[in-house]
Amino acid sequence: MRQFPLEMHHMAPGRVVEWRLTSGAAEAAGTGDPAGRKASFNQDKHFTVAEESRAADDPVASWVAVTFEVAGPLDEQALAQSLLSFVQRHEVLRCAFRRLAGEVACEPFDPAGLALEAREVGEFGTSEGLGEFLVERFKRSIDTLSWPLFIMGAVVREDSSTVYLAFDHIVCDGMSMPIVAREVSTGYEALRRGEDVELPPAPSYLDFAEEQRRRYLSIDARDERLDYWKSFMGPEGEFFPRFPLDLGVEPGRMYPIVNEASTLLDAAEAEVFEKTCLAVDGKPFMGVLASVAVCLREAGGPGVYRGLMPVSERGRDTWAHSVGWFVNTLPIEFDASPGRDFTQVMASVRAGFGEMMSHLDVPFVRAWELLAPVEFAARSWPHPVNFFSYIDMRKCPGAERHDEWRPTTHVWSARANGACSWFQRDADGMHMNSLYVDTPAARRTMGDFQEALRLTVQEIARSGGFRRPIALTAPRRPLHTPLDVAAFARRG
């Protein structure tokens, strides 16, 4: 399972059907009392930005989507029932959000009152036409301020179908996508066999949000749990670590995005890379982060890496099978100065990561609000931010059947003022997906950086370290490679 732009996913054409979630309570326009359920800090900020953007006639939009395959002729009734059961199981998916007494409140609807309405969308004769439809469908249909906050559908063919679900970020995170694929797929299979669906417990994200607010809403900027953030900010008091390379952006301006993906290492190379990292008491994600830091330095960045890193708040068991936005974001800093070899940089990454993980308390949005109130009042981060994310998809729920289901994750945002990169490891290797501003400078900078990073991790896999200067020694490969995408589509 990997993440790449929806435009790169060349699905076989077919007949498209969608199911819309309905609720009598939702249609009554919020007649329930949501006062007892409050949004999480992530949700509150996300909803507030959507409100302010709409009021300024400057709407922001984003979505997270998952697709997966169903073999054989589709039993549409069984799939619809599996989708409905999935929504009923996860309380956050059957919530409407609205402003109440200054706070963002959640109104969860009774699962028994939910239903799905099927809608025939139409027949698509080409992969290109189907892809264009889905891209526009997701962009126009996901709205933070409108319920429901996701869409569900399938591309139906005689011998297979592709199921798709696209969500507003307010109800899920990237780690929720493997859960979606697993639950809907296994539920569908059980219903086809006439069996009950057996799934592990999935506590409600609303309970997580409630506990989070109880613990952190009353703290102030003097709380000692914020000392790690304050130390990171330093005397300059800069909450957001800057992306160190030129992206050609103007202060206060947002830009359309470039959404690119590529493979850094194939499966065999990724195995060797992992062994190389383990040999110096590190982990693969540390090796990738070390490589990122050195590539940024070689391109003109500082020797000390400073960035933000998302961390899952699911824990090992409690929320492992729950859908929601279980992400905290923390700063990390380590030394990648010139002259330090792979072992030394990895030791610095390990130390920096250990220090970061010892300060998991305080949600990112709450720290932002308390320590950078001026930036918090804005609708976006103040400047391009150094951001690194890594997920080993082989460890996600249902990974043992990813070859069969062929799940994929897709993210999209309408505009940005910087760059974000996500790295994934799966059975096919190590992959990278980047969203960044569409400027000439950013295209040059990110193209060079991505190619240098690919060469660097390959060099580590081949030689066990930084054995040569990290620079472009060959023409860059195009990141959108139809042959690679077609191979991925045929896999399994």
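## Strand β2 and its partners

Strands β2 and β6 (residues 114-124) pair in the antiparallel sense over 10 bridges; strands here are DSSP E runs of at least two residues, helices are H or I runs of at least four, and both are numbered from the N terminus. Two strands count as paired if DSSP finds at least two bridges between them. Within this pairing, W19 sits opposite A118 in β6. Strand β2 also has an antiparallel link to β7 (residues 150-156), through 5 bridges, with E18 opposite G153 in β7.

## What the model is

This is a predicted model, so local features need pLDDT of at least 70 and side-chain atom pairs count only at pLDDT 80 or more, while totals for chains, interfaces and linings use all residues. Residues are numbered from 1 along each chain as its sequence is written, and side-chain values use heavy atoms, leaving out hydrogens and water.

Take F167: beyond its neighbours within four places in sequence, its contacts (heavy atoms within 4.5 Å) include W63, F86, I142 and M177.

## A five-stranded sheet

An open sheet of 5 strands runs β12-β15-β16-β9-β14, with mixed pairing. At the edges stand β12 (388-392) and β14 (415-416), each with a single partner strand, so one side of each lacks a neighbour in the sheet. Strand β9 (residues 255-266) runs antiparallel to β14, joined by 2 bridges, and P256 has R415 in β14 as its bridge partner. Helix α9 packs on this sheet, touching β12, β15 (419-426) and β16 (429-437).

## One cavity

How many cavities of 30 Å³ or more does a search of the whole structure find? It turns up 1. Here a cavity is a set of points on a 1 Å grid over the protein atoms alone where a 1.4 Å probe fits but cannot get out, and lining residues have an atom within 4 Å of a point. The largest cavity has a volume of about 100 Å³. Its lining has 13 residues, with F243, N386, F387, S421 and F449 nearest the centre, and β15 supplies the largest share, 4 residues.

How values were computed. Axes are lines fitted to C-alpha atoms, for helices over the stretch in contact, and angles run from 0 to 180 degrees between N-to-C directions. On a 1 Å grid over the protein atoms alone, a cavity is a set of points where a 1.4 Å probe fits but cannot get out, and a pocket is an open set with protein on both sides within 12 Å along at least five of seven lines; lining residues have an atom within 4 Å of a point. Grid points are joined across faces, edges and corners, and a volume is the space filled by probe spheres set on the points.
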